[in-house]
Amino acid sequence: MWETLAQAVINGLLIGGIYALVSIGVTLIFGVVKIVNFAQGEFVMIGMYISFFLATQFGIDPLVSLVVSMPVLFLAGVLIQHFLIRRVLGPNDMPQIFLTFALSLLLLNLSLMLFSANYRTVHTFYSDEAWHIGGLYIPVAKLIAFAVAMALSGLLWVFLHTTDLGRAMRAASQNRDVAMLMGINPNRVFAVAFGTALALAGAAGSLLMPFYSAYPFVGQVFVLMAFVAVVMGTLGNVMGALVASLMMGVAESLGIQFVGADSGLIVVFALLLLTLAFRPSGLGARRGR
Amino acid sequence: MQTSGKLKWLWLVIGAAAMLVLPQFVTSSFAIDIFIRILLFSFIGVAWNLMGGYAKQLSLGHAAYFGLGAYTSTIMQVNYGISPWIGMIAGGVVAMLASLPIGWLCFRLRGPYFTIATIATAQVLMLIFLKFRDFAWGAEGTTIPNLGSAPLMMQFEDKSSYYYVVLGLLVVGLWITHEIEKSWIGYYLVAIGEDEDAAEAVGVNAPKVKRDIYMISAFLTALAGTFYTQYIYFIDPATAFSFSVSIEAALVSIVGGIGTLWGPVIGTVLLETTSALLQSWLGSSVGGIQLTVYSLILMAVILWRPTGLIGFATDVYHRYVRRKPRAPEGRCDGGSIGRQGSQQAVRRPARGAGRQLHRAGERDGRADRAKRRRQDHELSFDHGISSPGLRICARLRP
């Protein structure tokens, strides 16, 4: 019993690390640019396909391809911010929601057209490796993904707290108008925030590749989880998103273990709805704008 | 577009007559199928538009009500032999009741997070119906027993009868929208959509108005769910609670013109025609092409024409056909959204605004006199009303 429980918690934490990379991206964009990026999951998918093609065409290990997928998606983020998002920033919610939503639909269906709906996997030498500690089973690929995800989150924290640009981003997320008055260039800050968020999504994709299949709809799995985590953690709060993502991972894993194999999502959504019902002040206090 | 009253009626009558005789001339079952799809999604769009368009509560979870309507009537028909005509209304009532707790939860969030919460509720319902194998057949779904020609059980031999059913639904939906649009509740909705806090500050009971409009919207969406199941003779959680229903409901309204009476209809005509053409050109071999094109259209509309096709047509009409000062008379068309709309909103003395809102309030028998007086006072006191929606309230003509 206790072993099953511990195993479920470990599984949840390991996948929660990946959820964290996605939801930190969502919350970063929300905090700084004040929009919700519905397309975040699709960038995880793109990261996975980048790693997949580098692995199959050039034999590059998915973990190494991190150094390609992250800069590529950072650049994509800067461009998307510059050419698309910048045009809809304003007090009106509708264009913002539906622009990123349209972007999500576009990327998803383009990849469906280009790559077909087939599941694609990359097999690495560590894909099937696992450590056995006591009665517990720890897959190496997931452990590496978790460790790298935590390291990237830590790096982001250092970046946000020690560099000028990071401080500018935090300032912009705390009070945009005052930050602008202090001479912070909003376009630059927004572009970096969007790029960083997409780079994190790309990293999540590369990290997933050794143990997860790439297919056009894969982003949906992660983005739903990320939204739940971002709503449950404080909106726009990087630390909150990280903690909530790990919790979501554990909740989903416990749901799969103790409620039923198809019930992971039900448990997660139930948690979201419970949060909304009983702690709305913590969530609704900041206007979702 | 501004047309005089008589001309408008003439157009309406001609349009209605054309729609009524259309199936007599078009006999191809493929074409009729496309017309039915256009009417059905127009109707769903109209239902979505009531809440998403006028009150700007951008839901992407209307599949929840579509599915509830579909399942209620199907369960009643298959398990108890009750006619889907009754099941349709029952489904609507179930959806209305379901919208109460769902709205209670989701309206706690605003903006994009409201949207996410609505997606989650539709997903939860789909997962629940996947689990209920006992009376809802789980993931396999079920087929509706084919009774041949049985109009009382909403089953017809020819497709044109389905066409008339869904045409009737659309007419009901448009009529309800029209009634709401010209009544005080329509102005309240637009005010909430523009700035909820400001609307509440002048005495609009926003939670109640949102709850009521959500119920109406859910009811109508559920009717569409019943019709669709009867039309395709099949139900399973993946079709009934399909995310693409939620998407299409929002998409057609935005492309056509969000918060306008005819927007969803025009949007559906464009999108469904495009999709039909794509299918006939490319065949259905290339997966994802339809939604790729839809998303490109959506992005183009958002970036260049946030008021949708109706707003575009109105602009063109006023620029080239009839030059007219931009003051939509007592109705809120697409001009009220987007940056352009905000800037062009008519400025009127706030005293007039107070008087008009007072009139609007008088029609609302439940608003008490003292509250109205306070609204009057506040409104006439403050000359710089911030929200265009409130100005639209102010534009309500005697």
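Visitor: A residue is buried if 20 or more other C-beta atoms, placed from the backbone, lie within 10 Å of its own, exposed if 12 or fewer, and partly exposed in between. How does A:Lys34 count, then?

Guide: A:Lys34 counts as partly exposed, because 19 C-beta neighbours lie inside 10 Å. This is a predicted model, in which local features need pLDDT of at least 70 and side-chain atom pairs count only at pLDDT 80 or more, while totals for chains, interfaces and linings use all residues. Residues are numbered from 1 along each chain as its sequence is written, and chains are lettered from A and ligands numbered from 1 in the order in which they are written.

Visitor: Where is A:Lys34 found?

Guide: A:Lys34 is in the loop between α1 and α2 (40–58) of chain A; helices (H or I, at least four residues) and strands (E, at least two) are DSSP runs, numbered from the N terminus. Phi of A:Lys34 is near 65°, a positive value in a residue other than glycine.

Visitor: What about B:Tyr233, buried or exposed?

Guide: B:Tyr233 counts as exposed, because there are 12 C-beta neighbours inside 10 Å. Although B:Tyr233 is not a glycine, it has a positive phi of about 60°. B:Tyr233 lies in the loop between α10 and β2 (234–235) of chain B.

Visitor: How many helices and strands does chain B have?

Guide: Chain B has 19 helices and 2 strands. Of its 398 residues, 50% count as buried.

Visitor: At what angle do α2 and α10 of chain B pack?

Guide: Helix α2 (residues 29–54) and helix α10 (residues 206–232) of chain B pack at about 165°, and their axes are 7 Å apart. That makes α2(B) roughly antiparallel to α10(B). Axes are lines fitted to C-alpha atoms, for helices over the stretch in contact, with angles running from 0 to 180 degrees between N-to-C directions. Under 35 degrees counts as roughly parallel, over 145 as roughly antiparallel, 65 to 115 as roughly perpendicular and the rest as oblique.

Visitor: Which residues make that contact?

Guide: Among them are B:Phe43 and B:Trp48 of α2(B), together with B:Leu220 and B:Phe227 of α10(B). Two residues are in contact if their C-beta atoms, placed from the backbone, lie within 7 Å. By class, this contact of α2(B) with α10(B) has 16 nonpolar, 2 polar and no charged residues. Here Ala, Val, Leu, Ile, Met, Phe, Trp, Tyr, Cys and Pro are nonpolar, Asp, Glu, Lys and Arg charged, and the others, Gly among them, polar.

Visitor: Turning to chain A, how far apart are the axes of α6 and α8?

Guide: The axes of α6 (residues 164–174) and α8 (residues 186–208) of chain A are 10 Å apart, at an angle of about 100°. That makes α6(A) roughly perpendicular to α8(A). Their contact includes A:Leu165 and A:Met169 of α6(A) and A:Val189 of α8(A). It has 8 nonpolar residues, with no polar and no charged ones.

Visitor: And how many residues of α9(A) are buried?

Guide: Of the 15 residues of α9(A), 13 are buried, so this helix is largely enclosed by the rest of the structure.

Visitor: How many residues does each chain bring to the contact between A and B?

Guide: Chain A brings 34 residues and chain B brings 36. On the side of chain A that touches chain B, α4(A) gives the most, with 13 residues. That side of chain A divides into 25 nonpolar, 5 polar and 4 charged residues.
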